[in-house]
Amino acid sequence: MSNRRRGLLFIVSAPSGAGKTTLVEHLVQILPNLRMSRSYTSRPARPGERDGVDYHFIARQQFEEMITAGAFLEWADVFGNLYGTAAADTAALMATGQDVVMVIDVQGARQVKAHGIDHTSIFVLPPSFPVLERRLRGRSKDTEEQMQRRLSTARAEVPSYVEYDYVAVNDQLEPTVVRLQEIIAAERSRTHRMRVTAEEILASFQR
Ligand code: 5GP
């Protein structure tokens, strides 16, 4: 079928520790035609992270030059480091008909919305603040000061869920991955997005 539609853009945001990256990594493994966009960041790679895989790790100055050049679809300062999505990267993926999911913070999601770019946004909430704190403390090598900063950022971010199209509560990994799949399937099935396929089927009725 010549269903060469332009890909859809999905945004997933959540406070640090809500499990958004793990969720989306599972999601892209399960769903054909969905790719995670790879961000640029000025933060140094953590042990085990690979350049070009987890992020494009670049110097702050290079990041600032890319801002000046207008290279970013969105960018934000998160915990003192710069993070951004290159407009050309997502455009190239979407032009081939792939759907793209961006795992970005609330500030970045607002910029995409402000640009008027067609997208679907999903906010992942942890089941509660104590669960979030337990998850963060369980996995983290942060100092207490860094931990307090993450927790206060989380407190400040969660009310932003109202700005998003969908909310998923990440109580358990598998059911939440299924919920995200359902959201994506519903968005792919919207009438205006199914038009090419539907019209091809309708054409067969004329023969
Ligand atoms: P981390 O340093 O733990 O990998 O990510 C810290 C935060 O930066 C997370 O909330 C993550 O969603 C956000 N982030 C990662 N990449 C981007 C990006 O390209 N743009 C924006 N706005 N935020 C990002």
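Q: What makes Arg155 count as lying over the face of Phe129?
A: In this predicted model, Arg155 lies over the face of Phe129 at 4.0 Å from the ring centre. The cut-off is 6 Å from the ring centre, together with a limit of 35 degrees from the ring normal. The distance of 4.0 Å is within 6 Å.

Q: Which residue lies over the face of Phe79, and at what distance from the ring centre?
A: Arg150 lies there, at 5.0 Å from the ring centre of Phe79. That value, too, is within 6 Å.

Q: Why is the pair of Tyr55 and Tyr83 called tilted?
A: A search of the whole structure finds six aromatic pairs. In the pair of Tyr55 and Tyr83, the ring centres are 5.8 Å apart and the planes stand at 55 degrees. Pairing needs centres within 6.5 Å; planes under 30 degrees apart are stacked, over 60 edge-to-face, and the rest tilted. An angle of 55 degrees falls in the rest, so the pair is tilted.

Q: What does the pair of Tyr55 and Tyr83 tie together?
A: Tyr55 sits in the loop between strands S3 (40–41) and S4 (56–57), while Tyr83 belongs to strand S6 (residues 81–86). The pair therefore ties together parts that are 28 residues apart in sequence.

Q: How do you know whether Tyr83 is buried or exposed?
A: Its relative accessible area is 14%. Buried means under 20%, so Tyr83 is buried.

Q: What makes the aromatic pair of Phe63 and Phe72 stacked?
A: The planes of Phe63 and Phe72 are 25 degrees apart, with 4.5 Å centre to centre. Stacked requires under 30 degrees, so the pair qualifies. Phe63 and Phe72 are both buried. They also form one aromatic cluster with Tyr40 and Trp75.

Q: Why is His119 called buried?
A: His119 has a relative accessible area of 17%. The limit is under 20%, so His119 is buried. This residue is found in the loop between helix H4 (106–114) and strand S8 (120–125). The side chain of His119 reaches the backbone oxygen of Ile117 at 2.7 Å. Beyond four places in sequence, His119 touches Leu9, Ile11, Val112, Lys113 and Asp165.

Q: How do you know that the buried residues of H4 line one face of the helix?
A: The buried residues of H4 are Val106, Gly108, Ala109 and Val112. Seen down the axis of H4, they fall within an arc of 160 degrees, so they line one face.

Q: What covers the buried residues of H4?
A: The cover includes strands S1 (9–13), S5 (72–78), S7 (99–103) and S8, plus helix H6 (144–157).

How values were computed. Residues are numbered from 1 along each chain as its sequence is written. This is a predicted model: local features need pLDDT of at least 70, side-chain atom pairs count only at pLDDT 80 or more; totals for chains, interfaces and linings use all residues. Side-chain values use heavy atoms; hydrogens and water are left out. Helices (H or I, at least four residues) and strands (E, at least two) are DSSP runs, numbered from the N terminus. Buried means under 20% relative accessible area, exposed over 50%, partly exposed in between (1.4 Å probe, protein chains only). A polar contact is a pair of N or O atoms within 3.5 Å; within protein, one must be able to donate a hydrogen and the other to accept it, and residues adjacent in sequence count only if both atoms are side-chain atoms. Contact means heavy atoms within 4.5 Å. The arc is that of the directions from the helix axis to the C-beta atoms.
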